[in-house]
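User: Please take me through this structure in questions and answers, with the cut-offs stated as the terms come up.

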Amino acid sequence: MNEIALFEPERYELSAAPLYQFDLTLELNRRRFFEVVGCGLAVLLLVESDEAQESGFGRRGFRGGQRPMQIGAWLHVAEDDAVTVFTGKAEVGQNIRTSLAQAVAEELRTPVQKVRMLMADTERTPFDMGTFGSRSTPDMGRQLARVGAAAREALLDLAAEHFAIAAADRGRLQAADGKITHAGTAIGYGQLTKGQQLVKSVAAELALVPADKWAVAGMSVSKVDGREFVTGRHKYASDISRPGMLYGKVFRPAAFEATLESLDLGDAQAVEGVVAFRDGDFVGLAAPDELTAERALEAIHATWKTKPQPSSEELFAYLRDNTSQGGGGGGGRFGGRNVGSIEDGLAAADHQLKQTYTVAYIAHAPLEPRAAVAEWADGRLTVWTGTQRPFGVRGELAQAFGLAEDRVRVIVPDTGSGYGGKHSGEMAVEAARIARAAGKPVKLVWTREEEFTWAYFRPAGVIDVASGVRKDGTLIAWEFTNYNSGGSSINSPYEVPNQRIAFRPTKSPLRQGSYRALAATANTFARETHIDELAGAVGMDPLEFRRANLKDDRLRAVMEAAADAFGWGARKDEAGHGRGIAIGTEKGSYVATCAEVRANGNGALQVVRVAAAFECGAVVNPLHLKNQVEGAIVMGLGGALHEEIKFADGRISNPAFSGYRVPRFRDVPPIEVVLVNRQDLPSAGAGETPIIAIAPAIGNAIFAATGTRLRSLPLVPKGLG
Amino acid sequence: MPNSNSNSNVTELNVNGESRRLDANGQRTLLSVLRDDLELTGTKYGCGEGQCGACTVLLDGVPTRACLTSLEEVGARKVTTIEGIESNGKLHPVQEAFLEADALQCGYCTSGMIVAGVALLRTNPMPSEAEIVHAMNGNLCRCGTYRRILAAIQLAAERLRSPTP
């Protein structure tokens, strides 16, 4: 796969939006809307296109000189008090269903249990670019708070009519707990909307409840539909069943970029109940059950023409040798920076250091593999699938089958995790192709081996760092070049007068794409390891060295909080133990992580404990935020210590959990998380950044424990032992 | 030539305290039959090689990987799935503890974790942390909620020892 993959790292956010728009102001749509949801009050949030674009809603062309408006979100208050909020965001385990419900409940002044979130259904919810980039909380959270506030104001207007109150006396009405009270008499929200089909739209910025006055937002509300999950009742995409549904399989190429030379489907087609077919280069089948489908797949005979493919043994040389044009130090979408003179800075330094760091390809390995159920009816296609980009997948389906987008519906049940790995819709397209050929609904669930082979990976990368420092510990030169892995967090948060920072895209031997925190993990690993090496070169404590070169107040605050919680300077390490610290910032949030490791001398390594401090502005749900930070650290532990995709001859060599080691109970140390709650700052997303500092913290701790400096992720297979 | 109809079929399975009628090839996995024939989709496919525990069910109380168990291997043994852990609409203390400790994110591993946890507490009502880690190490949570799952199982163990009326 040497051509540039469809979903390259850090570029997917530029995807153009489709023109589709659900416009409730049109009478027809209005009637259809109320037919679906029942009578009551609907409140639409109109967002200007520039805001829409910034907040992930895509753009529309300017028409007639007007600034185009489009619907960002809508909300419905039903006659029975139920509140339904419609948003295109997808729940993948980050608990956004709960925190967005909290944002609405806060402003609408109704119990959070009354708020139902209808999410990620392209026929029911407004367009959304996708659930990625830590944008759900800062953008959608704020928009839904505004929609909640607008609904509350509309209900207060209705209540003023109901109680026959003059406009001047509207202030005497109290909205609380899903009711409006006047002079001791209460009326429920639903009652106010009885028999009505009211549509209110709101475009103006409404004053929102400040974070220090929050009563519902800011609280540790439990997962709103948690009971569905602990009882096994929740239906993931892979659990959906349709009448007459068959089970699909895809006949995969023998190697990447292999082409079919010959194909014999006769034996497969002879299996009772099996439909096997070739459609261009695609070979698929459907069967009445999984076992029959597997047996039919084994009965397909084919020969493949393969071509030479790079292997993981030569990966890093390959990346250096295949640098493409673009990137560089000019900033922009690739990041990068060019200030002062690296040459002058290095010349003036007391110590110079040049080192190279590498990171392997790793897999997201979501526990729910890619899955889709596809159903054709009357020229329309409906697909249930787990994806972070429901509208993007709808576009892929429309394109694949030459359909108008309004003939395709994508429904995303809350998904068995994604971590940036479920942005693309190949499983949906495959299921739909098989369903079309079989003439029946088809479920396709990728096997774990398919998931490890035919999904995309976090990019591998090579990072060169050259630096200069004065003997008093002042950084004066910083040259940082990243090959392939990406530009996130590439700029150094430390103060350095001479910097040359660049991202160099290269051809990638494997299909690569988004991953939780993107390249911030690779760049933070290289930077924070190198900083530790520099601290050693001038004989300073790693924390002291960072203090001496860091001005960013928010980053300093988490660094001090983590160091305090960990007891950085408080006690001496036992023999064989070492401690490390690393810090970083990405997507508007800040993290510092400290780790203690034990190396027993024969190569075995144990992470003994971790303490992390995290700041993402005002905290919306402390319980779920802590859970996210802990989870990111655990996931980061895998990439730090063990996870590595190996490949040769166009095949993945370790496409199974038995050959690709992810963290298990035994690997996970106690983790202390300190949340720095900045109620004076807007809430930022939190699902990604906490992952970025654990690997260098562990690597630095290993150095402290053993004197061995490890510069490659994963650390352990190539390091100790 | 492969033909699934050449294998003998199984017509009865004891699941969650009920005898269920079915007509399924005995070579099929228990996982597929539970999910696709009996609509018990709480048991999940995660890897197909017994490495992740998402498909954990109980066979006569013993935690078992449904993805590696054929239907005919089950025989007369009693199958318990996540759907059979709740009783009369009341959550099992392990299920309650998972909610209380927020021991899940995406929830895909949760069924297998809870079934494994229930089985552990039946044989060892007071497990140490090391014993829980040992018993549960075959169950993967990619969201990384391990510490919370440990806490949930400890909490459930306490509740089971001194149940509140």
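Analyst: Two strands pair if DSSP finds at least two bridges between them, and helices (H or I, at least four residues) and strands (E, at least two) are DSSP runs numbered from the N terminus. This is a predicted model, in which local features need pLDDT of at least 70 and side-chain atom pairs count only at pLDDT 80 or more, while totals for chains, interfaces and linings use all residues. Residues are numbered from 1 along each chain as its sequence is written, and chains are lettered from A and ligands numbered from 1 in the order in which they are written.

User: Which residue is the bridge partner of Leu59(B) in E4(B)?
Analyst: Strand E3 (residues 56-59) of chain B pairs with strand E4 (residues 62-65) of chain B in the antiparallel sense, over four bridges. Two residues lie between the strands of this hairpin, and Asp60(B) there has a positive phi near 50 degrees. Across from Leu59(B), the bridge partner in E4(B) is Val62(B).

User: In what order do the elements of chain B run from the N terminus?
Analyst: Chain B has six helices and five strands. From the N terminus on, these elements run β-β-α-β-β-α-β-α-α-α-α.

User: What is the radius of gyration of chain B?
Analyst: The C-alpha trace of chain B spans about 55 × 35 × 25 Å along its principal axes. The radius of gyration is taken over C-alpha atoms, and the globule rule is 2.2 Å times the number of residues to the power 0.38. For 165 residues that rule gives 15 Å, and the value for chain B is close to this, so chain B is as compact as a globular protein of that length, with a radius of gyration of 16 Å.

User: Is Thr110(B) buried or exposed?
Analyst: Thr110(B) lies in helix H4 (residues 110-123) of chain B. A residue is buried if 20 or more other C-beta atoms lie within 10 Å of its own, exposed if 12 or fewer, and partly exposed in between, with C-beta atoms placed from the backbone. Because 31 other C-beta atoms lie within 10 Å of its own, Thr110(B) is buried.

User: Which residues is Thr110(B) in contact with, leaving aside its neighbours within four places in sequence?
Analyst: Two residues are in contact if their C-beta atoms, placed from the backbone, lie within 7 Å. With neighbours within four places in sequence left aside, the contacts of Thr110(B) include residues of both chains, namely Phe229(A), Val230(A), Phe98(B) and Leu104(B).

User: Which element gives the most to the side of chain A that touches chain B?
Analyst: The contact takes 57 residues from chain A and 49 residues from chain B. On the side of chain A, the elements that give two or more residues are helix H6 (226-230), helix H7 (266-270), helix H8 (290-298) and helix H17 (622-641) of chain A. The element that gives the most, with seven residues, is H17(A).

User: Which strands are the edge strands of the open sheet of six strands in chain A?
Analyst: The order of this sheet is E14-E22-E21-E20-E15-E29 (chain A), with mixed pairing. Within the sheet, strand E20 (residues 461-469) of chain A runs antiparallel to strand E21 (residues 475-483) of chain A, and eight bridges join them. Each edge strand pairs on one side only, and these are strand E14 (337-339) and strand E29 (712-713) of chain A.

User: Which residue stands opposite Ile463(A) in E21(A)?
Analyst: E20(A) and E21(A) run antiparallel. Opposite Ile463(A), the residue in E21(A) is Asn482(A).
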